[in-house]
Amino acid sequence: MAIGVFDSGVGGLTVHRELTRRFPDRDFVYLADQANAPYGGRGGEEIVDLTRAGCERLFEAGANVIVLACNTASAIALRRLQQSWVPEARARHGRPINVLGIIVPTIEAATGLPWTYEAERTPLGDKIEAIDITGVFSTAATAHSRVYEIEIDKRREDLAVFSEPCPGLAGLIELGAPAEELKVVVDDHVDALRRRIGRHPDQAILGCTHYEIVADLFAAALPPGTPVIHQPTAVADALDRYFQRHPEYDLGGQGRRDFLTSGKAGPQSDLVSQFWGAPLTFAPA
C-alpha cells in the first residue's frame, strides 16, 4: 500500500519531493498523465474524466490516499470526485481510500486560518481599513475557476486576490525549456500582474505545481522579500495533520518509490532531473 501523487505532468514532483522528505519510510507511487498534459487549457468535464482515470490507476497500483498535486485538477475535479466517485471506489476496492487536493492547504497558508473558518462579513458601507494584495500565478483553468478569489474572500476580507493566468508556461516547463526562455515568460507575467494591479502584490501564490520548479525565477521577478506561498510545504503540513486524524490508512513502510507515466516512458528532461537532484526515469502506466 502507498501514498499516491497525481499530476498532469512533472509539476507534481515538487509536492512529491517534499512529501517523501516528510514521510521517508512510507511507500509512494507517482503518476504523470503526460499523454494529456497540460490540463490548464482543457474543458471541465475532460479534466474530471482524466483525473478520475488517473486516480483509478493509482488505486490499482496500491495507493490508499491520493494527493492531486495539480491545481487545475484540484480546482475543477476534486469536489466532484469526493462527492460522487470516491465512495463508490472505496466500496469497490474494499479498503479505506481517499483523494485529497492542494488548494485547501494553500489557502490555509495564505490566510493563516483553518479551512473551517469563515469570517463575519463587514456591514455594507463600512470601510475595511487595510487591504493587502495576494497575486496568484496559475493556469487558465485555475484562474477561470476563481477558487482562490472565492475561498480567500470567505476567510479574509482584508486580502484582495488577483489571478494572473500563465497559458503555456506549464507546457514549457514540462518540455524542459531553457532557463532564458522561461525567464522571459515569467517576467512578462509578473509585470502584467503589476500593471493590472497598479503595484506588485504583497504576497504571491504559485498556483501551479509546475511553477515551483522555476520558483527562483518568480522570486527574482518580484520585489526582494516578497513572501511566496510554497505549496509543497503547505501540503506536507496538512497531510501530516490528516494522517494523525486518520490512522486507518495503510501507507506501506518500505520507502518504495515508483514513477509512472501515461506518456512516453523513460528519462525526464534535464530541467526536471536538475530540480529532482538526480536523473529520473518514468515507467509506463
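These points cover a helix pair and a sheet in a predicted model.

1. Helix α5 spans residues 103-111 and helix α7 spans residues 147-155. Their axes come within 10 Å and cross at roughly 50 degrees. The crossing of α5 and α7 is right-handed.

2. On the α5 side, the residues that meet α7 are Ile 103, Thr 106, Ile 107, Ala 110 and Thr 111. On the α7 side, Val 147, Tyr 148, Glu 151, Ile 152 and Arg 155 take part. By class, the residues of this contact between α5 and α7 are six nonpolar, two polar and two charged.

3. Four strands form an open sheet in the order β6-β5-β7-β8, and the pairing is parallel. The edges are held by β6 (159-165) and β8 (228-229). Each of these two strands has a single partner strand, so one side of β6 and one side of β8 are left without a neighbour in the sheet.

4. Strand β5 covers residues 132-138 and pairs with β6 in the parallel sense over seven bridges. Within this pair, Ser 138 stands opposite Pro 165 in β6.

5. Helix α9 (residues 179-197) packs on the sheet and touches both β5 and β6. The direction of α9 makes about 135 degrees with that of β6.

Definitions and conventions
Residues numbered from 1 in each chain as written. Predicted model: local features only at pLDDT ≥ 70, side-chain atom pairs only at ≥ 80, totals over all residues. Heavy atoms only, no water. Axes fitted to C-alpha atoms, helices over the stretch in contact; angles between N-to-C directions. Left-handed = near helix turned anticlockwise from the far one by under 90°. Contact = heavy atoms within 4.5 Å. Nonpolar A, V, L, I, M, F, W, Y, C, P; charged D, E, K, R; others polar. Pairing = 2+ DSSP bridges.
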